[in-house]
Amino acid sequence: QVHSNQPVSTFACSVSCLTFHESFLTLLLKMQRIVKPKTQQGRRALEKKEPKVHENTKNTLFLRGGNTSLTITQALKELHTLKKPNATLFSKKNATRPFEDQSTVEFFSSKADCSLFMFGCHSKKRPNNLVIGRLFDGQVLDMAEFGVDKFVSMNSIKTQKTAVGLKPCVVISGDFFEENDDAKRLKNLFIDFFRGENVNKVCLTGLEHVLSVHAVNGKIYIRNYRVLLKKSGSRTPRVELEFMGPSLDLSMRRTRYASDDLFKRALKKPLTAKPKKKKNISRDDLGNKLGRVHMKTQNFEKLQARKLKGLKRKGPAEKKTKKTDTGVAKRRKIDPVS
Amino acid sequence: MADTQTLVDDILQDTKEGKFKSIQVENVELIELDEGNLLASNENKIEVQKFRKNREDILMQSTRDATQSLFNSLWQLPFEQVEGNYIVTLPESKTWLPREKPVPKKKPLTKWQEYAKLKGVLNKKKSRMVWDEVTKKYKPRWGYQRANDDTKEWLIEVPDNADPYEDQFAKRKTAKGERVAKNELQRLRNIARAQKTKVPGIGLTPTEQPSKDHLSKALAVAYKSTASLGKFTEKLRKEKPSKFTGKKRKFEPSIGDLKKEKEKQLHMLDISAKKIPKIDVTKAANRVLREGDEQRSRERPSRKTPKKHKGKSSFTEKKGGGNKKSRGKRKK
């Protein structure tokens with residue numbers, strides 16, 4: 001039987017309690033946003049979106065602004081192909097300004113389950129504008145705006161490209177990124193954006209793609225190369241690079257970074273993710289495993305030293321001369337075969 | 001053997017002559033590596049004058065150096081061969097990158113889970129398929145097209161004590177509906193308890209055989225469910241005040257009945273003078289029992305399902321004894 005321990009309500013307890021329950025429950029469902037999925041596929045999709053200890057790979061959302069130029073659309077398309085399958089490209093234009101109003105970006109990201117975004121637009125004041133950003137908990141964490149000065153498309157360079165979906169080696173160069181905290185945050189943003197999947201193991205032949213971000217003289221140069229492994233005298237091969245892929249020359253414009261405490265909150269790692277260290281285990285030089293056993297203080301005057309079974313064991317000499325009841329020493333059984 | 005020897009000689013000769021380019025990198029100190037992320041941070045300065053003349057080459061050169069040092073360290077990592085490919089285990093990444101969603105909070109246990117933990121109830125896994133006698137097939141234990149489905153019977157015997165005009169099929173259907181509603185309510189109550197929000201009292205769930213307690217509660221709810229919250233609802237002549245309504249604690253007035261006050265004070269003095277502790281025996285007994293339960297549940301190794309012993313269990317193992325024919329060497 002079910003009894004509610006809450007204070008008596010003003011609702012009538014009528015005969016049709018069932019229908020009342022249903023209507024109340026649907027209202028409660030909507031208020032609490034408790035969605036019970038009806039299919040296994042729906043349930044799995046919801047489970048994928050909820051926060052986890054070990055997270056999924058970050059998806060990227062490529063957005064177009066109210067007005068875009070050819071370079072911007074090309075840049076968005078090509079970076080989208082580089083980041084496949086962890087990327088979604090919206091084909092329609094959305095007249096928003098991320099630096100003024102973040103709600104549109106946040107809404108799209110929550111729907112598409114993306115935590116990184118790249119927004120491209122074009123205007124007279126800010127020609128060929130590109131905004132790279134990331135989100136935490138459905139809110140914009142960091143944003144950085146760049147202007148594309150020069151863009152070289154993948155299609156214009158007739159070389160073989162790398163396979164889709166490989167994890168790239170990211171190279172970030174330039175002492176500009178160590179100058180101040182803002183630059184460090186920008187470096188962190190670039191790493192987060194271009195990183196790809198978070199993997200434990202890598203196949204050595206699958207390291208084909210190199211993405212480099214250089215900061216020289218206030219400008220940022222993004223290049224993509226394909227790795228060619230040449231013979232060297234030793235096991236490790238000699239690396240030669242072949243220019244493939246899109247190249248972007250960016251000049252820095254506005255930035256908006258999250259406050260330190262919000263960033264710290266986003267960096268927090270769950271305790272279960274860390275492997276627990278086993279204490280009290282050490283090894284000596286011979287490779288023996290040692291540990292410490294802690295004893296209570298023993299009163300040596302009152303130690304139990306009598307009737308200890310371990311001390312009862314008789315020596316080998318005593319065993320042989322043990323006599324039976326008849327007084328004759330037992331003869332050893334002789335095996336008939338031997 | 002001779003072939004491999006000549007091959008080795010060739011390679012050594014080539015390296016001496018410098019046919020192979022070296023894998024050494026200049027200025028390795030300023031290249032920070034994070035193998036876990038396949039990241040190389042090159043802090044070498046790029047001369048602006050040179051850069052202006054030959055941009056792409058300098059960029060490629062710098063990238064090549066960084067990639068070479070990264071690959072050098074990657075090739076040193078422990079590897080394993082899987083299907084002819086070398087797979088390398090990467091160490092943990094050094095750069096701290098922010099998460100995309102906050103750390104998940106621990107969900108509080110539901111009422112049943114708490115009770116099960118206390119009593120040590122194990123979750124015995126049941127098989128999904130069950131033999132259905134009617135259709136002579138294996139069918140799922142629950143869900144769509146389940147075996148032994150109560151609601152799908154075409155013939156129900158009317159029990160002796162039941163009303164002959166009662167619709168037994170409808171009765172079963174409504175019973176099922178009530179069970180579903182009850183389950184749904186309890187699920188939501190668990191969620192509400194987890195979120196620490198109050199579920200407004202809806203009244204009482206329908207039960208087949210309401211107890212005296214249940215009826216009196218239903219009566220109290222009905223009494224109050226008017227527009228003026230029970231202010232003008234008439235009571236029967238001998239009806240006692242409901243124990244489910246009214247104030248939870250009653251405080252007597254501090255001044256008024258002198259006789260009562262005197263009695264109370266004297267009674268208090270008597271108790272304090274006696275020096276016999278006043279113990280509620282039932283309460284104490286229940287507390288001891290609960291403590292015992294809690295301790296046992298803590299000591300017991302937490303195991304959700306009972307361990308399955310595959311193959312020979314430890315009971316059937318014979319240690320010495322028996323007529324064992326020792327094949328081969330006899331173990332001493």
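In what order do the three strands of the open sheet lie? In this predicted model, the order is S7(A)-S4(B)-S3(B), and the pairing is antiparallel. Strand S7 (201-203) of chain A and strand S3 (79-82) of chain B stand at the edges; each has a single partner strand, so one side of each is left without a neighbour in the sheet. From one strand to the next, the twist averages 30 degrees. S7(A) is joined to strand S4 (residues 85-89) of chain B by three bridges, and Val202(A) has Val88(B) as its bridge partner in S4(B).

Salt bridges form a further set of contacts. Side chains of opposite charge can pair when their charged atoms come close. Over all chains, the count comes to 31 salt bridges. One of them links Glu145(A) with Arg254(A), with the closest N and O atoms 2.9 Å apart. Glu145(A) belongs to strand S5 (residues 139-152) of chain A and Arg254(A) to strand S11 (residues 247-256) of chain A, so that the pair, 109 residues apart, links distant parts of the chain. Glu145(A) is buried at a relative accessible area of 1%, whereas Arg254(A) is partly exposed at 31%.

A salt bridge also forms between Lys45(B) and Asp175(A), at 3.9 Å from N to O. Lys45(B) lies in the loop between strand S2 (39-42) and helix H2 (48-53) of chain B, and Asp175(A) in the loop between strand S6 (169-173) and helix H5 (181-194) of chain A, so the pair joins two chains. Lys45(B) is exposed, with 69% relative accessibility, while Asp175(A) is partly exposed, with 32%.

Notes
Residues numbered from 1 in each chain as written. Chains lettered and ligands numbered in written order. Predicted model: local features only at pLDDT ≥ 70, side-chain atom pairs only at ≥ 80, totals over all residues. Heavy atoms only, no water. Pairing = 2+ DSSP bridges. Helix = DSSP H or I, 4+ residues; strand = E, 2+ residues; numbered from the N terminus. Axes fitted to C-alpha atoms, helices over the stretch in contact; angles between N-to-C directions. Salt bridge = Lys/Arg side-chain N within 4 Å of Asp/Glu carboxyl O. Buried < 20%, exposed > 50% of the residue type's maximum accessible area, 1.4 Å probe, protein only.
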